[in-house]
Amino acid sequence: MLFLAALACATMALGACSDNDDNDAASATEDVVPGTNHKVLIAYFSEPLPDGTDANTSASRVVAGNRLYGSVEYMATVIGKATGGDMVRIQTETPYPGNFDDLAAQADNERQNGIHPTLSTSIEGFDNYDVVFVGYPIWWYQMPMPMYSFFDRYDFSGKTIIPFSSHGGSGWSGTIADIAGLEPEATMVDGFSTSRSNVASSAGEIRNWLRDINIIE
């Protein structure tokens, strides 16, 4: 049984197999977004695999309204429609491989060697945003390394960061504390995390969460 559990975790590596669904509970975050009249940005990283074999990964695809989305892309779209915020996809200069095994291997190599891939994404007027939603899947028990590149590039001092994420059973997997450590001059607000298997039905939960944190009425 232990062997089968280990094998399952290896197969679902990008989904971060774990028994702990919320291991960032002690991280310091605010319950609601401070202030009013916000300029909102939704920045997200999503790599849905084109060959359709990614149903067992955190980059799983979602069909909603007869349209195909990456799981985090779908969550970002729900947030964008509810808040009216601007949306931008975080992308790398060198695209990721289009099949699961190669993508998992590259993501693991980046993780183990601390590689921060060069981004092709450029956000005009970033300084004008005061609230930034940041979305990502859990890869190898942490944020994908392009997220570290994103935090390297942009200054979040004085801004409010609101994370959202999809996962394969690991919850936040320590990423709330990671973001707080990377951006100590920003305010962190309670985020939204859900299993990739629940993303397609998460729109109502996402809108309720947005009300709870006082970003929409």
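Modeller: Please keep in mind that this is a predicted model. Let us start with Lys159, which lies over the face of Phe126 at 5.0 Å from the ring centre.

Biologist: What makes Lys159 count as lying over the face of Phe126?

Modeller: The distance from the ring centre is 5.0 Å, and the limit for such a charge is 6 Å, together with an angle within 35 degrees of the ring normal. Lys159 is therefore assigned to the face of Phe126. Phe126 also belongs to a cluster, linked by ring pairs, with Phe150, Phe151, Tyr154 and Phe156.

Biologist: How many aromatic pairs are there by this rule?

Modeller: The count comes to 12 aromatic pairs. One of them joins Phe45 and Trp139, with ring centres 5.3 Å apart and planes at 80 degrees.

Biologist: Are Phe45 and Trp139 buried or exposed, and how do you know?

Modeller: Buried means under 20% relative accessible area. Phe45 has 0% and is therefore buried, and Trp139, with 2%, is buried as well.

Biologist: What kind of pair do Tyr69 and Tyr74 form?

Modeller: Their ring centres are 5.4 Å apart and their planes stand at 70 degrees, so this pair is also edge-to-face. Tyr69 is buried at 7% relative accessible area, and Tyr74 counts as buried at 10%.

Biologist: How do you know that the span of helix 2 agrees with its number of residues?

Modeller: At 1.5 Å a residue, the 13 residues of helix 2 (residues 71-83) should span 18 Å. The end C-alpha atoms are 19 Å apart, which agrees. Just after helix 2, Gly84 takes a positive phi of about 75 degrees.

Biologist: Which residues have a positive phi although they are not glycine?

Modeller: Most residues other than glycine have a negative phi. Asn37 has a positive phi of about 55 degrees, and Trp140 one of about 50 degrees. Asn37 lies in the loop between helix 1 (2-11) and strand 1, whereas Trp140 is in the loop between strand 5 and helix 4.

Biologist: Why is Asn37 called exposed?

Modeller: The relative accessible area of Asn37 is 76%, and exposed means over 50%. Asn37 is therefore exposed.

Biologist: What lines the largest cavity?

Modeller: The lining consists of Ala107, Glu110, Arg111, Trp139, Trp140, Gln142, Met143, Pro144 and Met145. By class, six are nonpolar, one is polar and two are charged. Helix 3 (residues 100-113) supplies the largest share, three residues. About 40 Å³ of space lies in this cavity, and the search of the whole structure finds one cavity of 30 Å³ or more.

Conventions
Residues numbered from 1 in each chain as written. Predicted model: local features only at pLDDT ≥ 70, side-chain atom pairs only at ≥ 80, totals over all residues. Heavy atoms only, no water. 1 Å grid on protein atoms, 1.4 Å probe; cavity = no way out; pocket = protein on both sides within 12 Å on 5 of 7 lines; lining within 4 Å. Points joined across faces, edges and corners; volume = space filled by probe spheres on them. Helix = DSSP H or I, 4+ residues; strand = E, 2+ residues; numbered from the N terminus. Nonpolar A, V, L, I, M, F, W, Y, C, P; charged D, E, K, R; others polar. Phe/Tyr/Trp six-rings, centres within 6.5 Å; stacked < 30°, edge-to-face > 60°. Buried < 20%, exposed > 50% of the residue type's maximum accessible area, 1.4 Å probe, protein only. Expected span 1.5 Å × (residues − 1).
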